[in-house]
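Subject: Structure handover

Hello,

Please find the structure below.

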Amino acid sequence: MGTQTFTGEFRYSIDSKGRVNIPAKFRKALPESSEDTFVVTRGLDENIVAYSLDKWRTKEEDLLKLSSIKPEHRTFKRQATRFASPLKFDSQGRVAIPANLLKFAGIEKDVVIIGMIDEIEIWDPDILERYEETEFQLDAEDIEAIDNYTRSP
């Protein structure tokens, strides 16, 4: 992705056709080789994750390394790929998110779009708020462990 990354938070609404605007900043951060395409799928939390087409191809290469014999590998691979949909944004910068993903993430109208450097998260605002109050709490020990992890070779 060069020097362009996905960062920041944006709030939008889903239209009646399930389309949401992808922030111009994020569209501009897509490498040309991604052909104006994001791949969306279920997130690991109760959200939707969007990757540039290039990043998704890298994820697929990683998934190919998983064993088809180990049940947990098969399950993870299935979870990661069965809901994946490539989406090309239209001339107004919108993508039509599949209904099954909107349902999974509990999204009905409003969304929060968060840049996560090399991926994008799409959340229902109320669900995101609930996660922030309960699941996403970090204490000093957590932060120190993360800092040590990022500094290790």
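A residue is called buried under 20% relative accessible area, exposed over 50%, and partly exposed in between (1.4 Å probe, protein chains only). By that scale aspartate 110 is partly exposed, with a relative accessible area of 39%.

The model is predicted, so local features need pLDDT of at least 70 and side-chain atom pairs count only at pLDDT 80 or more, while totals for chains, interfaces and linings use all residues. Residues are numbered from 1 along each chain as its sequence is written, and side-chain values use heavy atoms, with hydrogens and water left out.

Negative patch

Asp110 belongs to a negative surface patch together with Asp126, Glu129, Glu132 and Glu133. Patches take residues with over 30% relative accessible area and no salt bridge, and like charges are joined within 9 Å (nonpolar side chains, namely Val, Leu, Ile, Met, Phe, Trp and Tyr, within 5 Å). Asp and Glu count as negative, Lys and Arg as positive, and His and the chain ends are not counted. The charge is placed at CG of Asp, CD of Glu, NZ of Lys or CZ of Arg. Accessible areas come from the Shrake-Rupley method with a 1.4 Å probe, and for residues only the protein chains shown count as cover.

Helix α5 (residues 125-134) supplies the largest share of the patch, four residues. Aspartate 110 sits in strand β7 (residues 110-117). Helices (H or I, at least four residues) and strands (E, at least two) are DSSP runs, numbered from the N terminus.

Salt bridges

There are eight salt bridges in the structure, each defined as a side-chain nitrogen of Lys or Arg within 4 Å of a carboxyl oxygen of Asp or Glu. One of them pairs arginine 130 with glutamate 46 (2.8 Å, N to O). Arginine 130 lies in helix α5 and glutamate 46 in the loop between β3 (37-42) and β4 (48-52), so this pair ties together parts 84 residues apart in sequence. Arginine 130 is partly exposed at 41%, and glutamate 46 is partly exposed at 24%.

A network of salt bridges with shared partners joins Asp15, Arg19, Asp90 and Arg94. Within it, arginine 19 meets aspartate 15 (2.7 Å, N to O). Arginine 11 and glutamate 9 also form a salt bridge (3.4 Å, N to O); arginine 11 is exposed at 54%, and glutamate 9 is partly exposed at 46%.

Serine 85

Serine 85 is in strand β5 (residues 85-88) and is buried at 18% relative accessibility. Beyond its neighbours within four places in sequence, serine 85 is in contact (heavy atoms within 4.5 Å) with Phe38, Val39, Val40 and Pro98.

Regards
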